[in-house]
Amino acid sequence: CLGYTCELEHLSLLSSLKHEHDKAITYLLEVFDRKKKIFGEENINTYQTIKDLAIEYAKAGDSSTAEIYIKTIVKYYKRTHNEDFLGSIFFNIGVAFHQANKLDIAERCYLESIKYSKGDEAYYYELLVGIGYLYNLKGDFDSAEKYYLLAEEMADQSKLAYLLTGIAELH
């Protein structure tokens with residue numbers, strides 16, 4: 001965090017927490033301009049701000065602008081071979097759309113997140129439960145059940161592996 005840029009990031013976060021999304025976006029756009037001047041366009045610090053802008057636009061319900069930023073983020077992470085971050089980025093953006101009651105877009109983000117999240121079991125489990133909950137809200141109970149059962153199966157496998165590891169250690 002660099003001086004005034006850091007203060008702007010904090011003001012953006014505070015505005016977001018107060019659901020003043022337009023104000024938060026204004027702060028983030030200034031942060032973005034400052035980071036481009038300091039770090040250049042092809043820098044992780046700059047792209048973190050782009051991610052924050054995508055999330056903030058999603059919270060504000062502006063899906064078309066959010067999607068422009070999402071596409072920029074995806075291109076960057078694929079180009080730099082840092083795709084591991086895309087799972088959490090899509091999840092966080094999905095949560096923002098979910099909060100804005102844009103459930104179809106949230107669904108797309110969550111499903112995209114699955115592609116990049118299979119390595120982290122706890123996160124993947126939470127993601128499956130979250131997708132089940134989203135389908136439940138949408139009234140698609142068959143899909144909700146499918147994801148809840150996948151999460152339960154995964155939890156059972158993890159418990160079994162944990163128990164087997166504990167038994168093996170006893171012998």
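Modeller: Some terms come first: a residue is buried under 20% relative accessible area, exposed over 50%, and partly exposed in between, with a 1.4 Å probe and protein chains only. Residues are numbered from 1 along each chain as its sequence is written, and side-chain values use heavy atoms, leaving out hydrogens and water.

The average pLDDT of the protein chain is 84, and 88% of the residues score at least 70. Where pLDDT is low, the predicted coordinates should not be read in detail.

The chain has eight helices and zero strands; these are DSSP runs numbered from the N terminus, with at least four residues of H or I for a helix and at least two of E for a strand. Along the sequence the pattern is α-α-α-α-α-α-α-α. Of the 171 residues, 38% are buried.

Now the interior. A nonpolar core is a set of buried Ala, Val, Leu, Ile, Met, Phe, Trp, Tyr and Cys residues joined through side-chain atoms within 4.5 Å. The largest core here has 40 residues, and Ile-93 and Phe-97 touch the most other members. Two or more residues each come from helix H2 (21-39), helix H3 (44-59), helix H4 (63-79), helix H5 (84-99), helix H6 (103-116), helix H7 (121-138) and helix H8 (141-170). In soluble globular proteins, nonpolar side chains tend to be buried together.

Ile-93 shows what such a position looks like in detail. Leaving aside residues up to four places away in sequence, Ile-93 is in contact (heavy atoms within 4.5 Å) with Ala-54, Ile-55, Ala-58, Ile-70 and Cys-109. For the chain as a whole, 49% of the contacts between residues at least 6 apart in sequence join residues at least 24 apart.

A buried residue can also be a serine. Ser-15 lies in helix H1 and counts as buried because its relative accessible area is 4%. With residues up to four places away set aside, Ser-15 touches Glu-20, Lys-23, Ala-24 and Tyr-27.

The chain exposes about 10100 Å², 54% of it supplied by carbon and sulfur atoms; accessible areas come from the Shrake-Rupley method with a 1.4 Å probe, and for residues only the protein chains shown count as cover. Tyr-133, Leu-137 and Tyr-148 make a nonpolar surface patch of about 290 Å². Patches are made of residues with over 30% relative accessible area and no salt bridge, joining like charges within 9 Å and nonpolar side chains (Val, Leu, Ile, Met, Phe, Trp, Tyr) within 5 Å. Tyr-133 is in helix H7 and is partly exposed, at 43% relative accessibility.

The structure also holds nine salt bridges, each a side-chain nitrogen of Lys or Arg within 4 Å of a carboxyl oxygen of Asp or Glu. Side chains of opposite charge can pair when their charged atoms come close. One of the bridges joins Lys-138 to Asp-104 at 2.7 Å, N to O. Lys-138 belongs to helix H7 and Asp-104 to helix H6, so this pair ties together parts 34 residues apart in sequence. Lys-138 is partly exposed, at 31%. Salt bridges with shared partners link Lys-18, Glu-20 and Lys-23 into one network.

Another bridge pairs Arg-34 with Glu-30 at 3.6 Å, N to O. Both residues lie in helix H2, four residues apart, about one turn of the helix. Arg-34 is partly exposed at 31%, and Glu-30 is partly exposed at 32%. Lys-51 and Asp-52 also meet in a salt bridge, at 3.4 Å, N to O; Lys-51 is partly exposed at 22% and Asp-52 at 28%.

Last, the loops. Most residues other than glycine have a negative phi, and most peptide bonds are trans. His-19, although not a glycine, has a positive phi of about 60 degrees. His-19 sits in the loop between helix H1 (3-17) and H2, and is exposed, with a relative accessible area of 63%. Asn-101, not a glycine either, has a positive phi of about 60 degrees. The loop between H5 and H6 holds Asn-101, which counts as exposed at 58% relative accessibility.

Key: This is a predicted model: local features need pLDDT of at least 70, side-chain atom pairs count only at pLDDT 80 or more; totals for chains, interfaces and linings use all residues. pLDDT is the predictor's confidence in each residue, from 0 to 100.
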